[in-house]
Structures are given as structure tokens and as C-alpha cells.
Amino acid sequence: MNKNFRLQAVEHFYDFHPISAQQIFEAVAARGIAKEDITEEVLQMHDQDHYGGTQAVDRLMAQAAFTSIDHMLDVCSGMGGPARYIAWKSGCRVTGLDLTASRVAGAIALTQAARMSDRVDFVQGNALEMPFEDNSFTRVIGQEAFAHIPNKKQLISECARVLKPGGRMVFSDIMSHQKLSQDNADRLFEGMRFSEIATLQDYISWLANVGLTSVQSIDLSSEWTRILVDRHAMYRSLETQTVTRLGREHFDRYDHAYAHFVGLYKSGVLSGALVHAFNPNKK
Ligand SMILES: C[S@@+](CC[C@H](N)C(=O)[O-])C[C@H]1O[C@@H](n2cnc3c(N)ncnc32)[C@H](O)[C@@H]1O
């Protein structure tokens with residue numbers, strides 16, 4: 001299966017995802033909040049497309065030790081929830097990069113609504129060929145997105161390239177304890193558009209290959225298993241809206257794929273971790 005096909009499949013998956021910027025605007029309106037009263041705090045319960053919401057971002061922020069002079073890159077920034085939250089909490093500047101044009105448009109619309117466009121911007125592009133100069137950012141982060149990317153060795157190399165000397169990379173991702181069976185790998189691509197699931201050991205060696213050091217990790221497998229069971233229930237609670245918006249077949253296909261994904265966490269095949277690495281390179 002060629003790389004472009006896999007990237008197009010990811011874009012299509014997010015174009016038709018159950019949660020979108022439009023759905024967030026509707027959820028905010030349903031809370032009785034007018035568009036002109038939208039702030040980052042209003043959005044944060046809707047716009048975090050990873051596991052554990054803003055608490056997970058707080059843990060990532062503690063690892064990354066942000067200050068207001070940082071310029072952070074959020075690789076695979078989705079609807080921009082973590083980007084806005086980190087800028088709001090730390091005062092730093094944030095750039096988000098995402099492959100899916102509709103996600104980037106949604107992130108920009110939500111950021112404008114929260115009046116944060118002076119500090120938070122979004123660029124459409126592929127994380128495997130980042131449209132940034134070398135040594136552009138003091139922090140590089142990613143959450144629950146790298147599993148979609150087919151060549152993670154190249155992804156880590158790109159992250160290291162754009163990270164300034166002295167900078168930190170902190171990311172969490174869906175991983176497996178051991179190499180996945182071909183059947184599970186195929187089903188995770190078919191249903192969730194995960195192109196390559198790495199082990200923690202894979203990540204540690206790719207980080208070392210590009211000269212990143214002081215690698216530390218926190219195992220999130222049990223925490224994510226609990227979260228994913230709840231998340232599946234949340235998607236099921238959106239059945240009526242999703243069927244109306246995207247059709248019965250789409251809902252059933254997504255539900256089936258999600259059940260398989262959550263099952264792989266429950267049976268201990270999949271894992272998750274937060275990984276921290278440092279760029280010691282001197283220019
Ligand atoms: C699960 S969402 C995570 C969004 C965000 N990190 C968050 O926590 O809210 C995954 C995102 O990765 C993006 N993505 C997948 N493959 C990508 C690639 N090769 N380059 C850039 N973005 C990509 C998708 O478009 C999607 O928006």
C-alpha cells in the first residue's frame with residue numbers, strides 16, 4: 001500500500017470524524033453560550049482529541065517545562081485544543097501542523113472564536129515533510145496521532161530537525177507491547193487508519209538515532225484502557241447525531257472498529273506511553 005494512499009485515507013477519516021469544529025460550535029451553543037462569549041476555557045471540554053483531556057496536557061506540560069518565551073510545535077494538532085490550552089496556560093507561542101485541511105480550517109475557526117490567533121497559528125502539511133526551517137521550535141509535542149503516520153523513523157527525524165538545540169520533545173502515542181500480528185495491523189488500518197503501531201523500544205531507538213537524549217517514559221496503558229472504554233460509550237451516545245450527519249453505515253463501521261481497538265487495550269496487546277527526550281546538539 002503506497003504512502004500517499006495511506007495519507008489520503010487519514011484525511012478522509014478525519015473529514016468524516018464524529019467530532020468536528022462545527023459539532024463543537026453546536027455543543028457550545030447548546031450550553032447557552034453565544035459565539036462572542038467563546039473563550040479557551042469554554043472550548044477546553046470539547047476540543048481535546050486525545051486521551052485524558054486537559055489533565056493529560058497538564059502532565060505533558062510538566063514534562064515539557066514550558067515558559068512564555070517558548071515557541072512550541074504541536075505535530076498533528078487536530079482541532080487545536082492542546083495548542084490553545086498550552087498557549088493559554090503558559091503564555092507561549094504555538095504553531096500547529098496537521099495533514100487534514102478540514103481539521104486545520106476548524107482549528108483556525110475555533111482559535112479565532114477564542115480570540116487567540118495572535119499567539120496560536122495552524123499550518124496544513126505532512127509531518128513526514130514538515131514545512132519548517134531547521135531549529136525552528138524550542139518544544140515539539142504530539143498526542144495520540146503518530147500511530148497514523150506510516151514512517152515513524154522519518155517522523156522522529158523531522159521532529160529532531162525542527163527542534164532547536166536545548167529543546168525538548170514530549171509526545172504520547174498508541175503503541176504495542178510487541179510487533180502486531182498482520183491481522184490486527186490490517187484491521188487497525190481499515191477501521192482506525194493507524195498505519196504503523198510502534199513499540200516503546202522502537203521509539204527509544206529512533207530517538208537515539210537522531211541524537212535526542214535523556215529519554216524517559218511514563219506507561220499509560222492501564223489509564224488509557226479505562227479512558228477508551230468511556231470514550232467508546234461517549235461515541236455511542238452520539239449515535240443519533242452521527243447517523244443524521246454521516247449515515248447509519250458510517251456509524252456502524254466506526255463503532256465496530258472502535259470496539260476492536262478497545263478490545264486490544266483490554267487484552268493487553270496495545271499499550272500507551274508519554275515519552276520525553278532532550279536535544280543536546282550544539283550548533
Ligand atoms: C487523534 S487526532 C489528535 C489531535 C490532537 N493531537 C489532539 O490531541 O487534540 C490525530 C490528528 O493527526 C493528524 N495527522 C495524521 N497523520 C498526519 C500526518 N502525516 N501529518 C500531519 N498530521 C497528521 C490527523 O489529521 C488528525 O487531526
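Predicted model: local features only at pLDDT ≥ 70, side-chain atom pairs only at ≥ 80, totals over all residues.

Residues are numbered from 1 along each chain as its sequence is written.

Let us begin with the sheet. Seven strands form an open sheet in the order β3-β2-β1-β4-β5-β7-β6, with mixed pairing. Strands here are DSSP runs of E with at least two residues, and helices are runs of H or I with at least four, numbered from the N terminus; two strands pair if DSSP finds at least two bridges between them. At the edges lie β3 (120-124) and β6 (213-219), each of which pairs on one side only. Strand β1 (residues 71-75) runs parallel to β2, joined by five bridges. Within this pairing, valine 75 has leucine 97 of β2 as its bridge partner.

I turn now to the helices. Which residues of α8 meet α12? They are Asn184, Arg187, Leu188, Gly191 and Met192, and their counterparts in α12 are His256, Ala257, His260, Phe261 and Leu264. Contact requires C-beta atoms, placed from the backbone, within 7 Å. The axes of α8 (residues 182-192) and α12 (residues 248-266) come within 9 Å and cross at roughly 135°. Such axes are lines fitted to C-alpha atoms, for helices over the stretch in contact, with angles from 0 to 180 degrees between N-to-C directions. The two helices are therefore oblique to each other; angles under 35 degrees count as roughly parallel, over 145 as roughly antiparallel, 65 to 115 as roughly perpendicular and the rest as oblique.

Terms used: Contact = placed C-beta atoms within 7 Å.
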